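Colleague: I would like a close look at one part of this model. Please take me through it step by step.

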Amino acid sequence: MASTFGSLEIAKSGMMTYNTALQTTAHNIANIDTKGYSRQTVNMEAIISTSNSFVVQGNGIDVTSITRDHDDYYDVKFQRTQSTLSYYEAEAHYLRDLQDQLAGDVTSEDKILITDAFDEFYAALSSLKDAPGDDTIRTKTVTIAQTFAESVTNSATGLQRLQDEVNGQIKTVVDQINSIADKIVSLNEQINLIEAYGAVANDLRDQRAVLVDELACYCNVEYSEQEPANGVGGNQFYVYVNGAALVDHYHTNKLVITQKDTFSNISDEKGMYMIEWSDGSDFNEYSSKLGGELQALFEFRDGNNGTVVQGTIDKTNGLTSDANGNLVLTLTDTNCNNLKELNIPAYDGELIIRNNVYAYDTFEVKVDDDGNYTYVFTMKTDMDPDNTVALQSAMKNGYTVSVGRSVDSRGIPYYMAQLNEFVRTFSEEFNRIQNQGYDKFDNPGVDFFNARVPATGDNFDMQESVDGIDKSFSAIPKQNADGTYTGSYYYMTALNFGVTEDVIRDGSLLACKMKESVDENVGNDNGDNLQKLLDLKNDSKMFLHGDPDSFLQSVTATLGVDAKKAETLQKSQQNLLYSIDSSRKSVSGVDEDEEGANLILFQNMLTYQYKVISVLNEAIDRLINETV
């Protein structure tokens, strides 16, 4: 039989339970717009009293727990989609910036497109053909040629600035990732402290989930929560990035930014950031599993479409010492035998052998009679002895060597290489015809397009190929006995491309005419050589994609396709993320109407408990005080 005051205990349990439910409902309503908040539910069960022989009547109601309405399945889907969306958002953003540099900003009237400047240059050449002896038209033509060259260099300089901007953003993203990791560790400590006493830290768990969502913007993220193996202590929470633990419950293995003292491509900016783990282990920046904004940044900054120079170390003479005692590595059977497409750094470059990086000082190219290239790299003098041993092992095994890292995406290095190939190929063909002609004073034509010697700022005497075969050259220009520099077209890039200074000062040096013999004086009205220069514009054999116009259009078209693809995929992922988020909110979101109904329900239930206590109080009062 229940005690006299048993009914009061039942009413008391109901009052406390529904008061908790009312407070939880109010908490849900207060957090309707809180980011990442999960609706909380009060779980109740009847209190049953038992004896050794039989079950007696119920003893009221009790709150067993307050839980989050949450589904980890939707969290995982949301985070993976968020990572993919952030990747395409970053890619679309920077590709638009790249379009502004190469294809022009439609909102800007000051931007001179390379294609427009190129067409204007040829229009000026066409006008000059009608009056090759007119000094005014000659000067105008040279000036327009300068504008064309400046449009190329301005675009290339813009690409370098963009690369530097992306490089800075990489550091910012890494700082954000480390900051989030610290916050997760702090929340792990708070959660375990609260849950050690049997409570559930619902709100703190929501905050931790929000941080994991934010982390997914920067990279692919995985997480797991494990109960202690022996049942003693709190749960262990781990966060994994790029295959390694970023958060090991109470500890973080942070990402550490380092600056390279080497270059991967000829036009790279100095001081590119790379990443390693704080425990010293490697971080693969170019992993396809990295994901998020971080992957997009590395691909855009370093993407060369997988085009790198590769060769094999000669097993016999692949590793020797030069006269100065420097270690020299020779590569044969290389995949690049065309200096127009050669974009490896002239100095402080990288050799990649079985994922190990070795730095070289400079290199030389030896070209045989068949046009095959042999690369001879002078290695850094301060090379670690272990690296020397590793190189000797690589030589014995005939390993493949890559000059620079292969990044299979079209980023800034790829488009810079396209500009380099354009100016080198077009300049050589233009200069070849210019050199075959004669200027206004019947002198042989000088190089029209040129590059500057880094040491002096003077122009090179450009070195042309013979019958399509390049001549051997050193990566670092060497001075001739007369103080001049003979320049391989490897030295010419989109960054230093320009019109020869002598031609700028004197437009009469433009070789418009041809001679049948050296002694012939044909006068100023001959424009035969100029016609050959004009025919270059429609030379369909100059580039793989056809004539120069077609090459430039192909570059901008490829960029446009990439940008449109990124934009389309960005919108697709946005729609998918919205759908997943809606499904997640259908489970964990707070509904105003539902909570409003619960508010009234629990208020009424609480009122009923008060009534029960009032009735019981009156009954007990009569029983005790009014019984005679």
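What follows is one request and one connected answer about a pair of helices, a sheet and a loop.

Colleague: Please start with the contact of helix 4 with helix 6: which residues make it? Then go on to the sheet and the loop.

Modeller: Keep in mind that this is a predicted model. Start with the two helices. Helix 4 covers residues 135–195, and helix 6 covers residues 292–302. Their axes lie 9 Å apart, and the packing angle is about 155°. Angles over 145 degrees count as roughly antiparallel. Helix 4 and helix 6 are therefore roughly antiparallel to each other. Their crossing is left-handed.

Now the residues that touch. Helix 4 brings Leu162, Gln163, Val166, Asn167, Gln169, Ile170, Val173, Val174 and Ile177. Helix 6 brings Glu293, Leu294, Leu297, Phe298, Phe300 and Arg301. Sort the residues of this contact by type, and you get 10 nonpolar, 3 polar and 2 charged.

Next, the sheet. It is an open one, built from 4 strands in the order 3-4-5-6. The pairing is antiparallel. In general, strands of a sheet pair through backbone hydrogen bonds, either parallel or antiparallel.

Strand 4 takes in residues 236–241, and strand 5 takes in residues 244–248. These two run antiparallel, and 4 bridges join them.

Helix 5 (residues 202–218) lies across strand 3, strand 4 and strand 5. Against strand 3, helix 5 runs at about 155°.

Last, the loop. Find strand 12 (347–353) and strand 13 (356–367); Arg354 sits in the loop between them. Asn355 has its place in the loop between strand 12 and strand 13 too. Check the backbone angles here. Arg354 is not a glycine, yet its phi is positive, at about 50°. Asn355 is not a glycine either, and its phi is positive at about 70°.

Arg354 has 57% relative accessibility, so Arg354 counts as exposed. Asn355 has a relative accessible area of 73%, so Asn355 is exposed as well.

Methods:
Residues are numbered from 1 along each chain as its sequence is written. This is a predicted model: local features need pLDDT of at least 70, side-chain atom pairs count only at pLDDT 80 or more; totals for chains, interfaces and linings use all residues. Side-chain values use heavy atoms; hydrogens and water are left out. Axes are lines fitted to C-alpha atoms, for helices over the stretch in contact, and angles run from 0 to 180 degrees between N-to-C directions. Angles under 35 degrees count as roughly parallel, over 145 as roughly antiparallel, 65 to 115 as roughly perpendicular and the rest as oblique. A crossing is left-handed if the near helix is turned anticlockwise from the far one by less than a right angle, and right-handed if clockwise. Contact means heavy atoms within 4.5 Å. Ala, Val, Leu, Ile, Met, Phe, Trp, Tyr, Cys and Pro count as nonpolar, Asp, Glu, Lys and Arg as charged, and the others, Gly among them, as polar. Two strands pair if DSSP finds at least two bridges between them. Buried means under 20% relative accessible area, exposed over 50%, partly exposed in between (1.4 Å probe, protein chains only).
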